[in-house]
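Hi everyone, thanks for coming.

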Amino acid sequence: MPRIDWVGFDGDDTLWKSEDYYRAAEAAFEQIIGHYIDLGDRRTQQHLLAVERRNLRVFGYGVKGMTLSMIEAAIELTAQRISTQHVQDIIAIGRATLDHPVELIDGIRPAVEAIAARHRIVLITKGDLFHQEAKIVKCGLSDLFHRIEVVSEKDTPTYQRVLDELDVRPERFAMIGNSLRSDIAPVVGLGGWGIHMPYHVTWAHEAEHDLAENTPRLLQVQDARELPGALARIESGLEAP
């Protein structure tokens with residue numbers, strides 16, 4: 001019978017709402033750029049995403065990297081015509097996004113409490129260290145976790161390191177998250193379990209993955225209240241590959 005020793009939780013858009021604020025920032029950015037160019041061009045709409053992807057290996061994930069990418073994209077899109085006032089406005093967008101409130105996903109607190117009563121749990125979240133640490137404090141859930149990891153990337157080597165440090169075999173580990181790319185695919189690839197809880201909006205970069213719908217050791221729930229039951233199904237053996 002499968003037995004899960006450790007359960008991992010993603011942070012952004014799994015424990016608390018996040019992507020909504022990034023989308024609002026992108027909309028404010030487009031309003032600024034609209035003073036200079038026609039926003040109806042699809043290539044224009046995709047330019048910021050391309051710049052963000054290009055800069056990930058340098059700036060990493062998070063609001064600060066997004067803000068720097070916005071400034072770079074604005075300079076490119078406007079052929080260096082953007083005013084210093086509008087550059088300052090873009091910086092203000094980034095600052096406001098860093099200060100956004102931390103709002104928990106509906107039903108997540110009782111779900112985390114129920115799972116923590118039966119399993120050791122670890123929070124694995126990626127992004128800017130200062131911002132992630134601030135959100136962890138504000139969310140009010142940190143006392144429930146046995147361990148907290150803020151990482152620069154969620155890939156196979158990162159998860160392998162975390163599992164090694166937790167001294168847990170992959171088949172005894174389950175990861176809960178909204179991103180198939182970052183939260184689920186690397187863990188399932190190592191032989192662990194993934195519980196996918198989609199959020200209503202996902203960053204395009206995170207939406208790209210190669211997992212099939214019938215991937216073994218992958219479950220999907222639509223609501224945080226379903227999470228304890230999903231883990232129970234894994235442990236009962238009903239979802240064994």
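The side chains of Arg147 and Glu165 form a salt bridge, 2.5 Å from N to O; by salt bridge I mean a side-chain nitrogen of Lys or Arg within 4 Å of a carboxyl oxygen of Asp or Glu. Arg147 sits in strand E3 (residues 147-151) and Glu165 in helix H7, so the pair ties together parts 18 residues apart in sequence. Helices (H or I, at least four residues) and strands (E, at least two) are DSSP runs, numbered from the N terminus.

A word on where this comes from: it is a predicted model, where local features need pLDDT of at least 70, side-chain atom pairs count only at pLDDT 80 or more, and totals for chains, interfaces and linings use all residues. Residues are numbered from 1 along each chain as its sequence is written, and side-chain values use heavy atoms, leaving out hydrogens and water.

Buried would be under 20% relative accessible area and exposed over 50%, with partly exposed in between (1.4 Å probe, protein chains only).

Next, Arg172 pairs with Asp5, their closest N and O atoms 4.0 Å apart. This pair links distant parts of the chain, 167 residues apart. Asp5 is partly exposed too, at 23%.

Glu171 and Arg169 form another salt bridge, at 2.6 Å. Salt bridges with shared partners also join Arg3, Asp5, Arg118, Arg172 and Glu235 into one network.

And how many salt bridges does the whole structure have? The search finds 20.
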